[in-house]
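Subject: Structure handover

Hi,

Here is the structure I promised to pass on.

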Amino acid sequence: MNTVERSFRLEAQSGLGAKPRPELIGPVLTHLHDTLQDTVRMGFLHTSRARGRIPASIKAAADVRYLGHSAEGDSVTVLRFEVAPFGEVAADLFSQARLWEDGPQPEETAFELLAATLEDVGSRRSESSRFDPGMLRRIGSYRKLFGRDGLSSILLPDVTLYKSGRLDASVVESARELTHATPQPRRVRVAGRLDLMGASQGVLKLHVAAGGIVTAIWEGEEALDQFAPLFNKDVVCEGLGVFRPSGTLLRIDADALAPA
(Lines give C-alpha, C1' and ligand atoms only; values in the text may rest on other atoms or scores of the structure.)
Protein backbone atom coordinates (compact mmCIF):
# COMPACT_ATOMS: atom_id res chain seq x y z
CA MET A 1 0.00 0.00 0.00
CA ASN A 2 1.32 3.43 -0.94
CA THR A 3 1.55 5.98 1.84
CA VAL A 4 2.64 9.59 2.12
CA GLU A 5 4.08 11.68 4.95
CA ARG A 6 2.20 14.56 6.49
CA SER A 7 3.07 16.64 9.52
CA PHE A 8 1.91 19.01 12.23
CA ARG A 9 4.21 21.96 12.87
CA LEU A 10 3.76 23.03 16.50
CA GLU A 11 4.91 26.53 17.42
CA ALA A 12 5.29 28.10 20.86
CA GLN A 13 7.40 30.71 22.63
CA SER A 14 9.38 27.95 24.30
CA GLY A 15 9.14 24.34 25.49
CA LEU A 16 9.24 22.64 22.12
CA GLY A 17 12.25 21.73 19.99
CA ALA A 18 13.97 18.34 20.11
CA LYS A 19 12.84 17.70 23.69
CA PRO A 20 9.30 19.09 23.84
CA ARG A 21 7.32 19.40 27.03
CA PRO A 22 4.81 16.51 27.13
CA GLU A 23 1.90 18.79 27.98
CA LEU A 24 2.45 20.67 24.70
CA ILE A 25 2.47 17.69 22.35
CA GLY A 26 0.43 15.14 24.34
CA PRO A 27 -3.02 16.72 23.77
CA VAL A 28 -2.31 17.10 20.06
CA LEU A 29 -1.50 13.41 19.71
CA THR A 30 -4.44 12.42 21.91
CA HIS A 31 -7.03 14.34 19.88
CA LEU A 32 -5.57 13.71 16.43
CA HIS A 33 -7.46 10.49 15.67
CA ASP A 34 -10.91 11.81 16.58
CA THR A 35 -10.24 15.07 14.75
CA LEU A 36 -9.24 13.32 11.53
CA GLN A 37 -12.12 10.84 11.80
CA ASP A 38 -14.64 13.67 12.16
CA THR A 39 -12.97 15.44 9.23
CA VAL A 40 -13.18 12.39 6.97
CA ARG A 41 -16.82 11.74 7.86
CA MET A 42 -17.59 15.38 7.17
CA GLY A 43 -15.84 15.24 3.82
CA PHE A 44 -17.57 12.12 2.57
CA LEU A 45 -20.90 12.15 4.40
CA HIS A 46 -21.50 15.85 5.20
CA THR A 47 -21.76 14.86 8.85
CA SER A 48 -18.96 14.74 11.41
CA ARG A 49 -20.80 12.55 13.93
CA ALA A 50 -22.57 9.82 12.01
CA ARG A 51 -24.70 7.49 14.12
CA GLY A 52 -24.16 3.77 14.36
CA ARG A 53 -21.22 1.74 13.16
CA ILE A 54 -18.40 3.62 11.46
CA PRO A 55 -17.79 2.15 7.96
CA ALA A 56 -14.45 0.38 7.64
CA SER A 57 -13.44 2.64 4.75
CA ILE A 58 -13.98 5.77 6.89
CA LYS A 59 -11.90 4.26 9.68
CA ALA A 60 -9.11 3.38 7.26
CA ALA A 61 -9.14 6.84 5.68
CA ALA A 62 -8.60 8.45 9.09
CA ASP A 63 -5.91 6.00 10.24
CA VAL A 64 -2.46 7.58 10.68
CA ARG A 65 0.78 6.34 12.23
CA TYR A 66 3.26 8.45 14.17
CA LEU A 67 6.76 8.43 12.68
CA GLY A 68 8.59 10.69 15.09
CA HIS A 69 9.44 14.36 15.43
CA SER A 70 12.08 16.89 14.47
CA ALA A 71 12.94 20.32 15.80
CA GLU A 72 13.74 23.88 14.83
CA GLY A 73 15.25 25.58 17.86
CA ASP A 74 13.31 25.65 21.12
CA SER A 75 10.11 27.04 19.62
CA VAL A 76 9.16 24.50 16.94
CA THR A 77 8.46 20.76 16.98
CA VAL A 78 7.37 18.99 13.80
CA LEU A 79 5.29 15.85 14.39
CA ARG A 80 5.54 13.49 11.42
CA PHE A 81 2.88 10.96 10.41
CA GLU A 82 2.31 8.30 7.78
CA VAL A 83 -1.08 8.22 6.08
CA ALA A 84 -2.51 6.58 2.98
CA PRO A 85 -4.35 8.55 0.25
CA PHE A 86 -8.09 7.93 0.08
CA GLY A 87 -7.78 6.05 -3.19
CA GLU A 88 -5.56 3.46 -1.48
CA VAL A 89 -7.64 2.68 1.61
CA ALA A 90 -11.18 3.78 0.71
CA ALA A 91 -11.54 2.85 -2.95
CA ASP A 92 -15.13 1.70 -2.38
CA LEU A 93 -16.12 5.25 -1.52
CA PHE A 94 -15.29 6.26 -5.08
CA SER A 95 -17.07 3.38 -6.81
CA GLN A 96 -19.97 5.76 -7.46
CA ALA A 97 -17.86 8.64 -8.68
CA ARG A 98 -20.58 11.27 -9.05
CA LEU A 99 -21.53 10.84 -5.39
CA TRP A 100 -18.29 12.59 -4.40
CA GLU A 101 -17.62 14.86 -7.38
CA ASP A 102 -17.92 17.85 -5.04
CA GLY A 103 -15.95 16.21 -2.21
CA PRO A 104 -12.65 14.48 -1.43
CA GLN A 105 -10.45 13.21 -4.23
CA PRO A 106 -8.60 9.84 -4.36
CA GLU A 107 -5.16 11.47 -4.15
CA GLU A 108 -6.01 13.46 -1.02
CA THR A 109 -5.62 12.41 2.63
CA ALA A 110 -7.35 13.28 5.87
CA PHE A 111 -4.76 16.03 6.38
CA GLU A 112 -5.84 17.77 3.15
CA LEU A 113 -9.45 17.75 4.33
CA LEU A 114 -8.48 19.09 7.75
CA ALA A 115 -6.39 21.89 6.23
CA ALA A 116 -9.26 22.92 3.95
CA THR A 117 -11.70 22.84 6.87
CA LEU A 118 -9.43 25.02 9.02
CA GLU A 119 -9.08 27.46 6.12
CA ASP A 120 -12.87 27.75 5.79
CA VAL A 121 -13.39 28.14 9.54
CA GLY A 122 -10.59 30.68 9.91
CA SER A 123 -12.05 32.68 7.01
CA ARG A 124 -15.55 32.40 8.52
CA ARG A 125 -17.04 31.00 5.32
CA SER A 126 -20.63 30.69 6.47
CA GLU A 127 -21.69 28.82 3.29
CA SER A 128 -19.01 26.13 3.61
CA SER A 129 -19.95 22.45 3.47
CA ARG A 130 -16.70 21.41 5.19
CA PHE A 131 -18.03 21.74 8.74
CA ASP A 132 -21.17 21.21 10.77
CA PRO A 133 -21.87 22.02 14.44
CA GLY A 134 -20.05 18.86 15.57
CA MET A 135 -16.95 19.74 13.56
CA LEU A 136 -16.99 23.28 14.93
CA ARG A 137 -17.14 21.91 18.47
CA ARG A 138 -14.20 19.62 17.69
CA ILE A 139 -12.12 22.59 16.56
CA GLY A 140 -13.28 24.59 19.56
CA SER A 141 -12.03 21.86 21.89
CA TYR A 142 -8.46 22.91 21.04
CA ARG A 143 -8.97 26.23 22.84
CA LYS A 144 -7.14 25.09 25.97
CA LEU A 145 -3.98 24.30 23.97
CA PHE A 146 -3.35 27.94 23.07
CA GLY A 147 -2.50 30.97 25.12
CA ARG A 148 0.01 31.76 27.84
CA ASP A 149 2.57 28.97 28.30
CA GLY A 150 0.82 26.97 25.58
CA LEU A 151 1.05 26.62 21.83
CA SER A 152 0.83 29.64 19.57
CA SER A 153 -0.18 27.68 16.46
CA ILE A 154 -0.41 24.30 14.73
CA LEU A 155 0.37 24.28 11.01
CA LEU A 156 -0.13 21.62 8.35
CA PRO A 157 2.79 22.67 6.15
CA ASP A 158 2.95 19.90 3.55
CA VAL A 159 -0.63 19.33 2.45
CA THR A 160 -1.25 19.52 -1.28
CA LEU A 161 -3.23 22.74 -1.16
CA TYR A 162 -2.45 26.31 -2.16
CA LYS A 163 -2.23 27.28 1.50
CA SER A 164 -1.22 25.21 4.48
CA GLY A 165 -3.83 24.70 7.15
CA ARG A 166 -3.51 26.62 10.38
CA LEU A 167 -5.06 26.12 13.81
CA ASP A 168 -4.58 28.79 16.45
CA ALA A 169 -6.55 30.86 18.94
CA SER A 170 -8.12 32.99 16.20
CA VAL A 171 -9.39 29.91 14.32
CA VAL A 172 -10.82 28.50 17.55
CA GLU A 173 -12.58 31.83 18.13
CA SER A 174 -13.94 31.72 14.57
CA ALA A 175 -15.32 28.23 15.28
CA ARG A 176 -17.04 29.55 18.40
CA GLU A 177 -18.61 32.47 16.51
CA LEU A 178 -19.77 30.23 13.66
CA THR A 179 -21.32 27.86 16.19
CA HIS A 180 -23.33 30.69 17.75
CA ALA A 181 -24.44 31.87 14.30
CA THR A 182 -25.67 28.43 13.18
CA PRO A 183 -29.46 27.89 13.45
CA GLN A 184 -30.61 25.00 15.60
CA PRO A 185 -31.53 21.78 13.74
CA ARG A 186 -35.26 21.38 13.06
CA ARG A 187 -37.61 19.03 11.27
CA VAL A 188 -37.75 19.70 7.52
CA ARG A 189 -39.45 18.28 4.44
CA VAL A 190 -37.78 18.66 1.05
CA ALA A 191 -39.17 17.71 -2.36
CA GLY A 192 -36.89 16.98 -5.29
CA ARG A 193 -35.67 14.40 -7.78
CA LEU A 194 -33.70 11.52 -6.27
CA ASP A 195 -30.56 11.85 -8.33
CA LEU A 196 -27.97 9.75 -6.47
CA MET A 197 -28.03 6.92 -3.94
CA GLY A 198 -25.11 5.42 -2.06
CA ALA A 199 -26.74 2.53 -0.24
CA SER A 200 -23.59 1.27 1.48
CA GLN A 201 -22.78 4.76 2.78
CA GLY A 202 -26.39 5.71 3.49
CA VAL A 203 -26.21 8.85 1.35
CA LEU A 204 -28.93 10.40 -0.82
CA LYS A 205 -28.72 13.43 -3.08
CA LEU A 206 -31.77 15.28 -4.28
CA HIS A 207 -31.99 17.84 -7.07
CA VAL A 208 -34.31 20.58 -5.92
CA ALA A 209 -35.69 23.73 -7.52
CA ALA A 210 -33.29 26.15 -9.23
CA GLY A 211 -30.70 23.42 -9.74
CA GLY A 212 -29.69 23.04 -6.11
CA ILE A 213 -28.57 19.77 -4.52
CA VAL A 214 -29.53 18.59 -1.03
CA THR A 215 -27.56 15.83 0.70
CA ALA A 216 -29.38 13.47 3.05
CA ILE A 217 -27.94 10.88 5.43
CA TRP A 218 -30.34 7.97 5.80
CA GLU A 219 -31.15 7.20 9.45
CA GLY A 220 -34.46 5.41 8.97
CA GLU A 221 -35.20 1.89 10.19
CA GLU A 222 -35.67 0.47 6.68
CA ALA A 223 -32.76 -0.55 4.47
CA LEU A 224 -31.96 2.23 2.03
CA ASP A 225 -31.73 -0.07 -0.98
CA GLN A 226 -35.47 -0.77 -0.75
CA PHE A 227 -36.01 2.73 -2.17
CA ALA A 228 -34.19 1.88 -5.40
CA PRO A 229 -37.47 2.08 -7.42
CA LEU A 230 -37.62 5.78 -6.51
CA PHE A 231 -34.30 6.53 -8.19
CA ASN A 232 -34.50 9.40 -10.71
CA LYS A 233 -38.06 10.16 -9.62
CA ASP A 234 -39.64 13.00 -7.66
CA VAL A 235 -39.66 12.24 -3.93
CA VAL A 236 -40.29 13.85 -0.58
CA CYS A 237 -37.54 13.48 2.03
CA GLU A 238 -38.15 14.21 5.71
CA GLY A 239 -35.87 14.38 8.71
CA LEU A 240 -33.82 16.63 10.94
CA GLY A 241 -32.40 19.53 8.97
CA VAL A 242 -28.86 20.63 9.86
CA PHE A 243 -27.93 24.13 8.75
CA ARG A 244 -24.88 26.19 7.85
CA PRO A 245 -24.10 29.41 9.75
CA SER A 246 -25.56 31.28 6.76
CA GLY A 247 -28.92 29.61 7.42
CA THR A 248 -28.92 27.42 4.30
CA LEU A 249 -29.53 23.69 4.58
CA LEU A 250 -26.34 21.63 4.91
CA ARG A 251 -27.95 18.18 5.07
CA ILE A 252 -30.95 16.21 6.23
CA ASP A 253 -30.65 13.40 8.76
CA ALA A 254 -33.48 11.61 6.99
CA ASP A 255 -35.89 9.02 8.37
CA ALA A 256 -38.65 9.14 5.76
CA LEU A 257 -38.63 8.93 1.97
CA ALA A 258 -41.71 8.65 -0.26
CA PRO A 259 -42.90 9.46 -3.78
CA ALA A 260 -43.75 13.12 -4.17
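Predicted model: local features only at pLDDT ≥ 70, side-chain atom pairs only at ≥ 80, totals over all residues.

A polar atom in the side chain of T109 sits 3.1 Å from the backbone nitrogen of F111. Numbering runs from 1 along each chain as its sequence is written, and side-chain values use heavy atoms, with hydrogens and water left out.

Back to T109: you'll find T109 in the loop between α3 (86–89) and α4. Helices here are DSSP runs of H or I with at least four residues, numbered from the N terminus. T109 is buried, at 0% relative accessible area; buried means under 20%, exposed over 50% and partly exposed in between, with a 1.4 Å probe and protein chains only. Not counting residues up to four places away in sequence, T109 touches V4, R6, V83, A84, P85 and F86, where contact means heavy atoms within 4.5 Å.

In helix α3 there is also G87, which is partly exposed at 32% relative accessibility. Its C-alpha is 9.7 Å from that of N2, although G87 and N2 are 85 residues apart in sequence.

Next, the helix pair. The axes of α4 (residues 110–122) and α5 (residues 133–140) come within 12 Å and cross at roughly 90°; axes are lines fitted to C-alpha atoms, for helices over the stretch in contact, with angles from 0 to 180 degrees between N-to-C directions. The two helices are therefore roughly perpendicular, the label for 65 to 115 degrees. From α4, T117, L118 and V121 meet M135, L136 and I139 of α5.

Finally, the cores, meaning sets of buried Ala, Val, Leu, Ile, Met, Phe, Trp, Tyr and Cys residues joined through side-chain atoms within 4.5 Å. The largest nonpolar core has 51 residues, and F8, L10, F111, L151, I154 and L167 have the most contacts inside it. Helix α1 (residues 22–45) gives the most to this core, with eight residues. A second, separate core has 18 residues, among them L194, W218, V235 and A254.

Cheers

Key
Parallel < 35°, antiparallel > 145°, perpendicular 65-115°, else oblique. Polar contact = N/O pair within 3.5 Å; in protein donor to acceptor, adjacent residues only side chain to side chain.
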